[in-house]
Amino acid sequence: MELLLELLLELFGEVAWQVLAELLAEWGLHLNRERRARRALHPLLSLLGYAVLGLAAGALSLLLLPQALLPSPGWRVANLLLSPLLSGAVLTLIAHWRRPGDPEVLLRTRFMQGLLFALAMAAVRFAATA
């Protein structure tokens, strides 16, 4: 029971780490940009940008936390698959909460942005701590 609780807390820590990095990246992207001055990017360019930011966040996270939080390879693979889904869902909920009913906020796009960011970040951490 103790081992399961420890693994769940470590998995939660990995997800929380990725969500925090996503929120910081999101805040940085929209810092000092007025709503009227925003130009909508093509969704593929936006997704590519989030993937690149995720790679950079993963590399930076290795400087702060060079070891894997999850010890077992099975849990690390589960983290690689589940964390991006959870992170994408959290970013979607935050986008919906910030602007309910806003037609400019496509929740599908927000989910994909969060998913790609977290997947890129998790992949860097997975590869570097293997």
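How many nonpolar, polar and charged residues are in the lining of the second largest pocket? Let's start there and then look at the helices around it.

## The second largest pocket

This is a predicted model. In the lining of its second largest pocket, twelve residues are nonpolar, one is polar and none is charged. The volume of this pocket is about 220 Å³. Of its 13 lining residues, A21, L24, A57, L60 and M121 are the closest to the centre.

Helix 1 (2-30), helix 2 (43-64) and helix 4 are the elements that each give two or more residues to this lining. Helix 2 provides the largest share, with six residues.

## Helix 3 beside helix 4

Two packed helices are described by the angle between their axes and the distance between the axes. For helix 3 (residues 73-98) and helix 4 (residues 107-128), the axes come within 7 Å and cross at roughly 150°. The crossing of helix 3 with helix 4 is right-handed. Sorted by class, their contact holds 15 nonpolar, seven polar and three charged residues.

## A closer look at helix 4

Several residues of helix 4 are buried, including R110, Q113, G114, L115 and F117. Also buried in helix 4 are A118, A120, M121, A122 and R125.

## The largest cavity

How many cavities of 30 Å³ or more are there? The count comes to one. The volume of the largest cavity is about 100 Å³.

Among the residues lining the largest cavity are E14, A68, L69, L70, R76, N79 and L80. A122, R125, F126 and T129 line the largest cavity too. Helix 3 and helix 4 each supply at least two residues of this lining. By class, the lining of the largest cavity has six nonpolar, two polar and three charged residues. Both A122 and R125 are among the buried residues of helix 4.

## G49 in helix 2

Is G49 buried, exposed or partly exposed? This residue belongs to helix 2. G49 counts as partly exposed because its relative accessibility is 30%, while buried means under 20% and exposed over 50%.

G49 and Q113 are 64 residues apart in sequence, yet their C-alpha atoms are 8.7 Å apart in space. Q113 is one of the buried residues of helix 4.

Key. Residues numbered from 1 in each chain as written. Predicted model: local features only at pLDDT ≥ 70, side-chain atom pairs only at ≥ 80, totals over all residues. Heavy atoms only, no water. Axes fitted to C-alpha atoms, helices over the stretch in contact; angles between N-to-C directions. Helix = DSSP H or I, 4+ residues; strand = E, 2+ residues; numbered from the N terminus. Left-handed = near helix turned anticlockwise from the far one by under 90°. Nonpolar A, V, L, I, M, F, W, Y, C, P; charged D, E, K, R; others polar. Buried < 20%, exposed > 50% of the residue type's maximum accessible area, 1.4 Å probe, protein only. 1 Å grid on protein atoms, 1.4 Å probe; cavity = no way out; pocket = protein on both sides within 12 Å on 5 of 7 lines; lining within 4 Å. Points joined across faces, edges and corners; volume = space filled by probe spheres on them.
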